[in-house]
Amino acid sequence: MPPGERAWRNTLVLPPAAWLLLFVVMPLAIMFCFSLLTEVPGPTTKAVFTLQNYVKFFTKDFYRLLTWKSITMGVWVTAICLVISYPMAYYLAKVVRRHQTTLLLLVIIPFWSSFLVRAYSWVTLFMEGGVLERLLGKLHLISGPLQFLFTYPAIIVALVHIYFPYMVLTLFVSLEKIDDRLIEAAQTLGSRPWSTFWRVVFPLSLPGVVAGAMLVFIPAIGSFVEPRILGGLAGTVIGTVIEDQFLVVYNWPLGSALAFLLLVIMLLVLGGTAGIRKLAAGRTGGER
Amino acid sequence: MRTRGLTLLLILTMIASLALTTVAKEKVLRVINWKDYGSDVPWAVKAFEQKFGVKVVHDYMASEEELLTKLRTGGIGKYDVALPNIAYVPIAINENLLEPIHTEKLTNYKQLFAKFRGMKELRKGNTIYAVPWVWGSTSLAYNSEVIKEDLTSLSALWDPKYKGKITFHDDFTDAIMTAALVLGQDPNNPSDLGAIKKKLIEQKPLLKTYWSQGDDWSKLFAAKQIVIGNAWSGQSAAMRNEGQPLKYVIPKEGAIGWVDSWVVVKNAPNRDLAEKYIDYMIGADFLTRWAKEGSPAPASEAVLKTLPKQVSADLMLDQATIDRLSYISYRPSAVLRQWDELWQEVKATP
């Protein structure tokens, strides 16, 4: 590479690199420093180095219990999103030929309202004496009050609703990329629809599945707003504990340590999915 | 054409800078308070400004912790008065963020309830640093249409009779202090946190949900999802005024109280004026009018005489109530963290 071009390249890289350094690496580094202190350093507080915040996580059972609860919550949300989104994305990518853009727009529309508004809308819907109770009562599906608000499933429903568009969009992109001629070839060679799907379409869409799952799973395990609003007694998760450390007790060091541990867990999961992706690439003879 | 435009611009700049200097020359009193919390109602600001020829400028806080941060980082010598909860006054005194207050100069000081004036949080030795302003309580509230009997004990919040119809504040201070009251421990200095934790876990299966915002409470109550819970005195009074069948009681065990107080910030630019301002804020003129507009309970006894009976009854402005409350006192951060962890553990228990 001629020196002039190299210099030009370096200049081009500079803004995004500076951005990453300033707004991703630095804040994380500051947070990591906080997590190793006893106090937030201030004019009257004396901050001393400690590992106590990390030790707490491993000695007090409930921190791990809540982290596990958040992870299972993430798994439920991701699984349900996948089951709902796959047929939708398939329909959009392979079946519909007209109005595709309009339909995609309909998927995206929920993004336009704040997630806080959406969480509160569910409250109105699920409330005892609310819309859903009256509807199900009219249909004679339930008798008596609907005991759904302030339960764990209520949180799952809200989170699925908030995150499924990410799943639909990533699946749509990866399904649309699949060459229709491959499907036709499978059919010509006598493959039944179900087997065409399992052996041709699904493996080819795996990168989209993994990407979509990550886009849903990661924010879902860190969520705290929906559990707080809809979860009632079941609404305490690791996300709400972290939020309280920052906003209620001003224990930023403990909040940072818990957030960091959550980050490590997410990175491990990401590492695991990289393996799946490699496997998928191997099965279909190369990453597309 | 060009020069004319430039001249015009120059003149405009001169006028603007002239106007700015006049504003700067005008005396300004800087106040830190919660938004929409009495001192910033337009009529009060106007009345004080006209009387003392000063401009009152408000700066808002979102939490007491933020107030402390404001004072620690450049607030000294900039702000004149602020309104912390008394639980935070000792920290501010110890960090040398406050000026002593010449209470003898405050004409309305003696009208304040002696109970509030005497609180230990407000002073260091014989020097007084804070003046009580308004107060309130967190106690038992219930739907009097559903629960016909008169409830007199906090243990109603643990009564299986109301299973699934009880709500409880998602707040570690309220939770631990309420449990301490029920267990007969000192709510400001509980002796057995293990027993408190057990008591709070025992309550969980009986609850409909925890509430966090005042709005949650009124919605749950109005939708008849709950019939009983712990609630704020001010909000309960407001709901009763709206015609809700709500009864708010200070039970035999007592209840949790809080007091907000005015302080003069260290090196306040207008020290004398700051004290005059506090004197105005605690005066019956201001407090009576604000009480009629729906204030928390005023800390002034003189206001009692000027308020309609119904309003003072709603605000529970009687000596007996005031004496029966356990006021949230100052706690070092190590204790706060311990309490928060206990509460998180209770909430995490399936």
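Good morning. Across the interface of chain A and chain B, the rule finds 7 salt bridges. Please bear in mind that this is a predicted model. One of these salt bridges joins A:Glu128 to B:Lys208, where the closest N and O atoms are 2.3 Å apart. As for polar contacts, 7 residue pairs are counted between chain A and chain B, both residues being at pLDDT 80 or more.

Which elements of chain A supply the side that touches chain B? At least two residues each come from helix 3, spanning 61-95, and from helix 11, spanning 238-247. Helix 3 of chain A gives the most to that side, with 4 residues. Sorted by class, the side of chain A that touches chain B has 12 nonpolar, 7 polar and 6 charged residues.

I turn now to the extent of the interface. Chain A brings 25 residues to the contact and chain B brings 24 residues. The area buried between chain A and chain B is about 2,300 Å², and carbon and sulfur atoms give 53% of that area.

B:Ser326 belongs to strand 14 of chain B, which covers residues 325-327. Is B:Ser326 buried or exposed? B:Ser326 counts as buried because its relative accessibility is 17%, and the cut-off for buried is under 20%. Setting aside neighbours within four places in sequence, B:Ser326 is in contact with B:Met177, B:Leu181, B:Pro187 and B:Asn188, and also with B:Ala255, B:Ile256 and B:Gly257.

Thank you for your attention.

Notes
Residues numbered from 1 in each chain as written. Chains lettered and ligands numbered in written order. Predicted model: local features only at pLDDT ≥ 70, side-chain atom pairs only at ≥ 80, totals over all residues. Heavy atoms only, no water. Contact = heavy atoms within 4.5 Å. Buried area = accessible area lost by both parts, 1.4 Å probe. Salt bridge = Lys/Arg side-chain N within 4 Å of Asp/Glu carboxyl O. Polar contact = N/O pair within 3.5 Å; in protein donor to acceptor, adjacent residues only side chain to side chain. Nonpolar A, V, L, I, M, F, W, Y, C, P; charged D, E, K, R; others polar. Buried < 20%, exposed > 50% of the residue type's maximum accessible area, 1.4 Å probe, protein only.
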